[in-house]
Amino acid sequence: MTFPILSSLILLPLIGGLFILLSRSSDKSNYQSSKYVALFVSFANFFVSIYLWYTFDPSTSDFQFVENRLWLEGFINYKVGIDGISILFIVLTTLITPLCIISVNQSINTKLKEFLIAILVMESLMIGVFCSLDLVIFYLFFEGGLIPMFLIIGIWGGTRRVYSAFKFFLFTLLGSVLMLVAIISIYWITGTTDIVELNNLGVDVKYQNLLWLAFFSSFAVKTPMWPFHTWLPDAHVEAPTAGSVLLAAILLKMAGYGFIRFSIGLFPIASENFVPLIYTLSLIAIVYTSLVALMQDDMKKLIAYSSVAHMGFVTLGIFTMTQQGLEGSIVQMISHGLVSAALFVCVGVVYDRMHSRLIITYGGLVSAMPKYAILFMVFTLAAVGLPGTSGFVGEFLILMGVFQKSFLVAAIASLGVILGAAYMLWLYKRVIFGELINKDLLKMLDLNKSEIFILISLAIPVLFFGFYPEPLLNTIELSISNLIDSYNYNLSLAK
Amino acid sequence: MENINFILPEIFISLGIMFLLMVGVFKKNSSAIVYTLSIVVLLITLGLIVNYPSNQEMYLFNSSYKIDQLSTFMKIITIISGIFVLISSYKYTKIEKIFKIEYSILILCSILGMLVMISSYDLIVFYIGLELQSLSLYVLAAFNQNQTKSSEAGLKYFVLSALSSGLLLYGCSLIYGFSGSTNFYLISENIHSSEYGNVFGLVFILVGLAFKISAVPFHMWAPDVYEGSPTSVTLFFAIVPKVAALTVFIRFLYVPFINLIDQWQMIIVFISLASMILGAVSAIGQKNLKRLIAYSSIGHMGYALAGLAVGTNSGIQSSIIYISIYLIMNLGIFCCLFMMKRKNKFFDNLEDLSGLSKNHPIISLSLLILLFSLAGIPPMAGFFAKFYIFMSVIEQSMYFLAIVGLITTVVSAFYYLKIIKIIYFDPPKEIYDQDHHFGLKISLTIATLLILFYFVYPSGLINLVSQINLI
């Protein structure tokens, strides 16, 4: 029996959270120490996951570090394991979480302990989502994540926080319950919910379409795809910075991951049937939400809509079923995780100082906050997809994949790239450049040390993977090609 | 006379009641002693039940009384929840001045009635048990004479319950008339759906039972009675009689009426769907917590019935698991209600919870866990309860029931979230008293921890329940 490294990744934040919960008193020094505990735990988790990535063997597409324990005897085992697809998301999660914890310095004033607990619980649930190898375990983690996020938005959010929290919770719950029906049906159809076994057994063709739709209802809400995206701008706008970061960087990726792992892996024939649907919705998402983003006067809303557009690229890439498309989607998800997290931190920085998210409040920030201007620029360009940033790698690969399938779709999607450049650069121009009209802005201090630390630690991977994406692609390559092979094999069987 | 051992719990509890009555009559100011002794009586009864676990089925008194795994399990949870009701409501009853000898004795009486109901294998024995528990409950509902609301609740419950008991009795006599026996097994041998009298009898009995577990459309009494009765009695109402009624439901459907499954399955599916939908929708507008819990319990009964409607062993087992988890959740919620007092006055409106998290972080955290569990969000125990139900429902391909059930989960999640919103997002109010009775704290802790950590070892409960095989 090897050391259960994945379970310890899941448990470590929980133990940290319990530790904070049980430490008494609520004076200021206690706040500091609980923060140190949370930081320590999340950094420890980060290093464990880096070690995991380091020891991960990319020369096989099998699941590694598998743990299999009796759980619900006779029904369901607790089974976790990772392959090339999931390891990257785990590393992303463990990277983002400590940065979130650092960022609470400025923005969270009340109930800091509870906030830290919520973030740590969130982290362990999200790691659980990415490494669970059983549908029921996956559902458990997937749904459990709603609770801390609901509280993060609802307790520490902005003025319309209650509305947003409810909308977020009920939308996602409604999508997910249908997935639960599908999961139970799969159990009764095939006799197992173990993903590895299901991949070997396959699901009967006559059920696939309905099951696919049930899973789609959950993932489409979570991604979010047009027209199920309306909860996202609300949730983002009202959530505190750390909440927005978690939401954009990791929660949205759970759905993309779900599409790859479950929709394609389990229901290949249905996936093939529904490709036109996905293409249509993705294209609408890319073009329509880009246009909507252009018209926003709230910075957070703009970035939220841009997330919808970027996730549109991701779903487009996933359902091309080509090596480039799928690899691009994963790189794009990782890149979007880093970039959108950084952009929300950037908005949080000025919001903490001015308490306004409206673009019109700002202008000419470059003279007041030069360091901020530089870092903001890096991430703006990464969001645009400038060569040399990770955003470029993702979008380029996706478009390559799409071109192989359909020229028209690729052409429309490319339009989204142009629109993306338009709204991001325009945002940057209006906030950073121009004449400094609002005299209050002069009093604003430039980035402090912790903010610089957060943004630099996000900028390094963005630039590094922009110039040298090999480590990412190398890790996922075999898992993806294996997925595509079995997909094509199943299709040929059906014909 | 060997068999008398198996009915020792019932005999002991009856003797206990009589003894306690004597103590109450001949000793002045003996309510504290009676209270303590009733808990002791219940504990000993529990011990007696556990001591004679019958691995095989035992028939007593000319097959009118049956002891099997189902009855043993249900008796155990009935008595345990009875004990927790007494323990957790100690201080409440004292403050509300209903801490009298009759209070504990009536609870014992109704528990005795339930034990008889659970084990009954004959229409007459069943009816005697039912009446014993109902009569005790009428008095309990009206126990707080100082409040008109309580008397009103008692009267309402009495009138409606008497009506339903009448219907039930009418159904029993029809069944007896058409099948020629009162014994469950003999009925199942002689019952045929071709005789309309049997179907009528079945429907009347189902109506009476649906009334007892407050399933739609026979739920009207629940909100008023829940609201009007003293909170400790509401807690009792909300959890203990439901166990007995559900057992009887299982017994009736799967022993005497098993051959009429085509007739009753539709009825149960309808009742279940209607309860789920009504429980979810009408709880949304409630302002009083006790009323809200009444509607939510209507919804929960809908889920429990969905398990019964399936017609398989796994369905019955999922129902039993559901009711067990439901008991724990409701116990926890009521413990929190008992803690909401300020200067000897209890509060039970939703707005009284406003900002509770600021001054009472522990109670709020427990409520948070319990409410998410009631809403059925993983990884709380409430999710597993629903999961088992829908496992068995989907096994029989009853997709409509499953999908409607899950969508009502989302609707009902709304009002649970609303309570959480009031606790966590709203501005705080005055601080509540902190001097809680030890038993109350223990009950809340146990309930919360069980709900929270159920996912660590979910097999335990399943293994226990999986021994219950009726078909």
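Asn344(B) counts as exposed because it has 10 C-beta neighbours inside 10 Å, where a residue is exposed if 12 or fewer other C-beta atoms lie within 10 Å of its own, buried if 20 or more do, and partly exposed in between, with C-beta atoms placed from the backbone. This is a predicted model, in which local features need pLDDT of at least 70 and side-chain atom pairs count only at pLDDT 80 or more, while totals for chains, interfaces and linings use all residues. Residues are numbered from 1 along each chain as its sequence is written, and chains are lettered from A and ligands numbered from 1 in the order in which they are written.

**Backbone features**

- Asn344(B) is not a glycine, yet it has a positive phi of about 60°, and its place is in the loop between strand E3 (341–342) and strand E4 (345–346) of chain B; helices (H or I, at least four residues) and strands (E, at least two) are DSSP runs, numbered from the N terminus.
- Phe61(B), also not a glycine, has a positive phi of about 50° and is found in the loop between strand E1 (58–60) and strand E2 (65–67) of chain B.
- Phe61(B) has 12 C-beta neighbours inside 10 Å and therefore counts as exposed.
- Most residues other than glycine have a negative phi, and most peptide bonds are trans.
- The peptide bond from Pro378(B) to Pro379(B) is cis, with omega near 5°, and Pro379(B) lies in the loop between helix H16 (361–375) and H17 of chain B.
- In chain A, a cis peptide bond with omega of about 0° joins Trp226(A) and Pro227(A), and Pro227(A) is found in the loop between helix H9 (205–222) and helix H10 (231–238).

**The two chains**

- Chain B has 20 helices and 4 strands. Its radius of gyration is 21 Å, close to the 23 Å that the globule rule gives for 471 residues, so chain B is as compact as a globular protein of that length; the radius is taken over C-alpha atoms, and the rule is 2.2 Å times the number of residues to the power 0.38.
- The C-alpha trace of chain B spans about 65 × 60 × 40 Å along its principal axes, and 57% of the 471 residues in chain B are buried.
- Chain A has 21 helices and 2 strands, and its radius of gyration of 22 Å agrees with the value near 23 Å that a compact globule of 495 residues would have.
- The C-alpha trace of chain A spans about 70 × 60 × 40 Å along its principal axes, and 59% of the 495 residues of chain A count as buried.

**Where the chains meet**

- In all, 24 residues of chain B are in contact with 25 residues of chain A, two residues being in contact if their C-beta atoms, placed from the backbone, lie within 7 Å.
- On the side of chain B that touches chain A, the elements that give two or more residues are helix H17 (381–395), helix H18 (399–424) and helix H20 (459–465) of chain B, and H18(B) gives the most, with 11 residues.
- The residues on that side of chain B divide into 19 nonpolar, 3 polar and 2 charged, where Ala, Val, Leu, Ile, Met, Phe, Trp, Tyr, Cys and Pro count as nonpolar, Asp, Glu, Lys and Arg as charged, and the others, Gly among them, as polar.

**Packing around H17(B)**

- The axes of helix H7 (residues 161–190) of chain A and H17(B) come within 9 Å and cross at roughly 55°; axes are lines fitted to C-alpha atoms, for helices over the stretch in contact, and angles run from 0 to 180 degrees between N-to-C directions.
- The contact joins Val181(A), Ile184(A), Ser185(A) and Trp188(A) of H7(A) with Phe390(B), Met391(B), Ile394(B) and Glu395(B) of H17(B), which by class gives 6 nonpolar, 1 polar and 1 charged residues.
- Within chain B, helix H13 (residues 289–309) packs on H17(B) at an angle of about 35°, with their axes 8 Å apart.
- Tyr303(B), Ala306(B) and Gly307(B) in H13(B) meet Lys386(B), Ile389(B), Ser392(B) and Val393(B) in H17(B), and these residues divide into 4 nonpolar, 2 polar and 1 charged.
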